Amino acid sequence: MSMQDELNAIQMQVMQDLATAETMDALEQLRVQVLGKKGSLTTIMRMMGKIDPSDRPAMGKLANTVRATVDEALSERRLELAKIAMQKRMEAEASDVTLPGRRLSQGTQHLISQIREEIEDIFCGMGYIVADGPYVETTYYNFTALNAPENHPSRSAKDSFYIVDNAPEGKKPLQLGDSDVLLRTQTSGMQVHYMEENKPPIYMICPGTVFRPDTPDANHLPQFTQVEGLVVDEGITFGDLKGTLDYFTREIFGKDRATRYRPHFFPFTEPSCEVDVSCGVCHGKGCRFCKNTGWLEILGCGMVDPNVFKYVGIDSEKYTGFAFGIGVERVAALRYDLPDLRMLMEGDMRFLRQF
Ligand code: DAH
């Protein structure tokens, strides 16, 4: 076969093969077969030196044309394959933009936040200021300045979450005094903070989270919410306390719920009492929900102990005051007859959406 025939044959063969090359890999193989170092066209061009010099210009020209044609055909096919691949991908990944979008569920304000805000509104209406306090406290604010003796059981590591830098070695139980930093067990420490920084008259509430090492059950949570209240002014009496808390309970529970004041002990108030609200399930007759008593406890309160005033430098001859601590989860449970406080922690939207 003459060189001319061979060149024409190569070109024809390439054109045929190109039409059936379906992938980039096949295309590359074809390129190497023809234009690679040992490719058919390369081999022929190397033989150019061996032919008759008079034929060389014509053969050289033809070889170059074939090469350019092959090159161009390869590029064209490459573009075509890329286009086909893109087309396939677009079909595979196509999305129907006319479909309706997915709805984001918006959530609702948690029941506890709702009730906390409602309590804030009630006291703001009576001229109180809403204060905020730290979750991590020292024993001074959580106990000592609240007149709790050094050996008070609530100080023990069984009743308080202490924060320790150096956890005691081995299994040695935490001893009283190993740490004086803890997660606050009550919001009452804010009474001390607030009186250190503000002079009477004081009308303050402080809502917030408190922590106790309790195993969760129907009536207990290891983390819950209190609203502390503090009033310090001239001539404040137990009558003011009762009038204020009666007003509060009527506002939050409605007028048909009765309240009762039961004597109790708290280190930082004297006298002290716990306030119960009549059971909404049995209306005072006694049922499982109220453990057959007809009443449910919602807050502790009392007249500020003069010893507490001493810690913050307020003259107890001139000023008197009262304080209270409302359990917000208890209020929620009472108002909606919740059978189990744990429902408030579980984040089940079927439950939470009802409020
Ligand atoms: N801090 C108390 C508790 O957690 C509740 C309490 C009782 C707060 C009496 C008060 C108060 O301010 O006067 O059980």
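The chain is divided into domain 1 (3-92) and domain 2 (111-352), with bounds that come from an automatic or database domain assignment. The centres of domain 1 and domain 2, taken over C-alpha atoms, are separated by 89 Å. The model is predicted, so that local features need pLDDT of at least 70 and side-chain atom pairs count only at pLDDT 80 or more, while totals for chains, interfaces and linings use all residues. Residues are numbered from 1 along each chain as its sequence is written, and side-chain values use heavy atoms, with hydrogens and water left out.

Pockets were located on a 1 Å grid over the protein atoms alone, a pocket being an open set of points where a 1.4 Å probe fits, with protein on both sides within 12 Å along at least five of seven lines. The largest pocket holds about 960 Å³ of space, a volume being the space filled by probe spheres set on the points, which are joined across faces, edges and corners. Its lining (residues with an atom within 4 Å of a point) comprises 43 residues, and Thr-185, Arg-212, Phe-224, Gln-226 and Phe-266 lie nearest the centre. Two or more lining residues come from each of strands S5 (223-233), S6 (259-266), S7 (269-278), S8 (295-304) and S9 (320-327) and from helix H10 (328-336). Helices (H or I, at least four residues) and strands (E, at least two) are DSSP runs, numbered from the N terminus. By class, the lining of the largest pocket has 19 nonpolar, 15 polar and nine charged residues; Ala, Val, Leu, Ile, Met, Phe, Trp, Tyr, Cys and Pro count as nonpolar, Asp, Glu, Lys and Arg as charged, and the others, Gly among them, as polar.

The second largest pocket has a volume of about 450 Å³. It is lined by 18 residues, of which Asn-219, Phe-289, Cys-290, Lys-291 and Leu-296 are the closest to its centre. S8 and H10 each give at least two residues to this lining, which divides into ten nonpolar, three polar and five charged residues.

The ligand is surrounded by 15 residues, the closest being Gln-186, Ser-188, Arg-212, Gln-226 and Glu-228; a residue is near a molecule if one of its heavy atoms lies within 4 Å of it. Polar contacts are pairs of N or O atoms within 3.5 Å. A side-chain N or O atom of Gln-186 is 2.7 Å from a nitrogen atom of the ligand. An oxygen atom of the ligand lies 2.8 Å from a polar side-chain atom of Gln-226, and a polar backbone atom of Phe-324 is 3.2 Å from an oxygen atom of the ligand. The protein buries 90% of the 360 Å² that the ligand exposes when taken alone, with areas from the Shrake-Rupley method and a 1.4 Å probe.

Pro-200 and Pro-201 are joined by a cis peptide bond with omega about 5 degrees. Pro-201 is placed in the loop between helix H7 (189-197) and strand S4 (202-211). The bond from Glu-270 to Pro-271 is also cis, with omega near -5 degrees, and Pro-271 lies in strand S7. Asn-147, although not a glycine, has a positive phi of about 70 degrees.

Conventions: Polar contact = N/O pair within 3.5 Å; in protein donor to acceptor, adjacent residues only side chain to side chain.
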